[in-house]
Amino acid sequence: MILRRLFIQELSKALTKPTPDNIPRAGEEGKQVNCYRVYVTDNDGTYLADEVVDNGKHLNVTVWNEEKRTHEGCKQLDLHDLKQMNFTIHHFHGLVTFTYNSPLDFLVHELPRIYQLQSKIVHWKSAIPQLLNFSKQYTRPDRSKVLSAVIELSETNHTQTLDVTRILNHIYGMYAMVHPQYPSLKQATLLVMKSLAESEDIEMVNQSECRIRGNALTTMENLQLDATERKRSQITMWLTIIFAITSLFQSKLVVTDLSLNLDSIITTLWLGGKAIVNWMLS
């Protein structure tokens with residue numbers, strides 16, 4: 001009972017903070033952010049929380065419309081029995097995003113303001129790596145990387161909304177947002193997200209946020225199979241070249257002054273090739 005009251009009280013405070021549609025997650029503007037986005041699911045549907053009303057008895061929400069793929073329409077949820085609901089709470093504090101998947105998790109971090117200390121620790125820990133990270137060159141994200149990140153981030157709640165910054169942090173780490181390449185990486189990721197939306201693997205909630213769709217797993221499996229096939233083709237090509245060269249020497253079509261034990265070389269290459277093939281097929 002006490003935990004329920006504390007949770008509703010803290011949830012009410014969180015929902016009173018203004019939350020922009022597009023939350024800045026980089027630069028000076030991102031450092032000033034302190035807002036929440038709360039998603040709720042029950043047996044009847046999925047919702048985006050707006051405010052706690054009636055002295056903590058009810059929660060005003062907007063309803064997820066599966067056909068239109070957006071939140072619209074108002075509804076009031078009874079907060080009497082929290083066990084019938086699942087909460088996913090995102091707290092955007094500075095450049096750090098905290099995600100809580102239960103009321104207890106939310107209270108443990110928010111009530112004693114642990115998140116403030118965690119944000120400072122992240123800032124202190126990132127100070128030196130940020131400087132070292134500037135020299136690192138990132139490769140542009142492809143469909144496989146972005147889709148894999150969306151799937152992994154959606155494992156605990158497939159209805160949650162993922163912003164492009166969270167996806168980038170998952171792929172490259174939290175230091176990516178202060179890297180000189182960050183603007184180009186962000187634009188490249190947004191383009192990939194739009195491509196995945198066109199193939200109905202994800203659904204764009206707005207210009208920078210998405211939600212996973214049912215086709216994602218099938219597409220990811222196909223991308224992984226394609227990548228494996230490309231690796232197999234490359235390895236086969238190099239093994240063919242190596243075997244062709246050793247055959248030329250063994251047949252004495254190519255003569256050299258070097259004294260080599262071709263039998264041992266061929267045996268080593270053959271065993272190495274078999275090991276690679278077995279690894280790829282495992």
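Analyst: The side chains of Arg-143 and Asp-201 meet in a salt bridge, 3.5 Å from N to O. A salt bridge here is a side-chain nitrogen of Lys or Arg within 4 Å of a carboxyl oxygen of Asp or Glu. Arg-143 lies in helix α5 (residues 143-153) and Asp-201 in the loop between α7 and β8 (202-204), so the pair ties together parts that are 58 residues apart in sequence. Helices (H or I, at least four residues) and strands (E, at least two) are DSSP runs, numbered from the N terminus. The model is predicted: local features need pLDDT of at least 70, side-chain atom pairs count only at pLDDT 80 or more, and totals for chains, interfaces and linings use all residues. Residues are numbered from 1 along each chain as its sequence is written, and side-chain values use heavy atoms, with hydrogens and water left out.

User: Is Asp-201 buried or exposed?

Analyst: Buried means under 20% relative accessible area, exposed over 50%, and partly exposed in between (1.4 Å probe, protein chains only). Asp-201 has 1% relative accessibility and therefore counts as buried, while Arg-143, at 27%, is partly exposed.

User: How many salt bridges are found in the whole structure?

Analyst: The search finds five. One of them joins Lys-13 to Glu-10, with the closest N and O atoms 3.6 Å apart. Both residues belong to helix α1 and are three residues apart, about one turn of the helix. Lys-13 is partly exposed at 41%, whereas Glu-10 is buried at 6%. Another salt bridge links Glu-203 with Arg-211, and both of these residues are buried. Through shared partners, salt bridges join Glu-10, Lys-13 and Arg-113 into one network.

User: What is the order of the strands in the open sheet?

Analyst: Strands of a sheet pair through backbone hydrogen bonds, either parallel or antiparallel. Two strands are taken to pair if DSSP finds at least two bridges between them. In this model, six strands form an open sheet in the order β4-β3-β2-β1-β5-β6, with antiparallel pairing. β4 (70-78) and β6 (96-100) stand at the edges with a single partner strand each, so one side of each has no neighbour in the sheet. From one strand to the next, the twist averages 30°.

User: Which residue stands opposite Val-38 in β5?

Analyst: That residue is Ile-89. Its strand, β5 (residues 86-93), pairs with β1 (residues 34-42) over eight bridges in the antiparallel sense. Six bridges join the antiparallel strands β2 and β3, and Val-53 has His-58 in β3 as its bridge partner. The hairpin of β2 and β3 has four residues between the strands, and Asp-54 there takes a positive phi near 55°.

User: Where do helices α6 and α7 meet, and at what angle do their axes cross?

Analyst: Axes are lines fitted to C-alpha atoms, for helices over the stretch in contact, and angles run from 0 to 180 degrees between N-to-C directions. The axes of α6 (residues 164-172) and α7 (residues 182-198) come within 10 Å and cross at roughly 110°. That makes α6 roughly perpendicular to α7 (65 to 115 degrees; under 35 is roughly parallel, over 145 roughly antiparallel, the rest oblique). Contact means heavy atoms within 4.5 Å; among the residues that meet are Ile-167 and Leu-168 in α6 and Leu-185 and Met-193 in α7.
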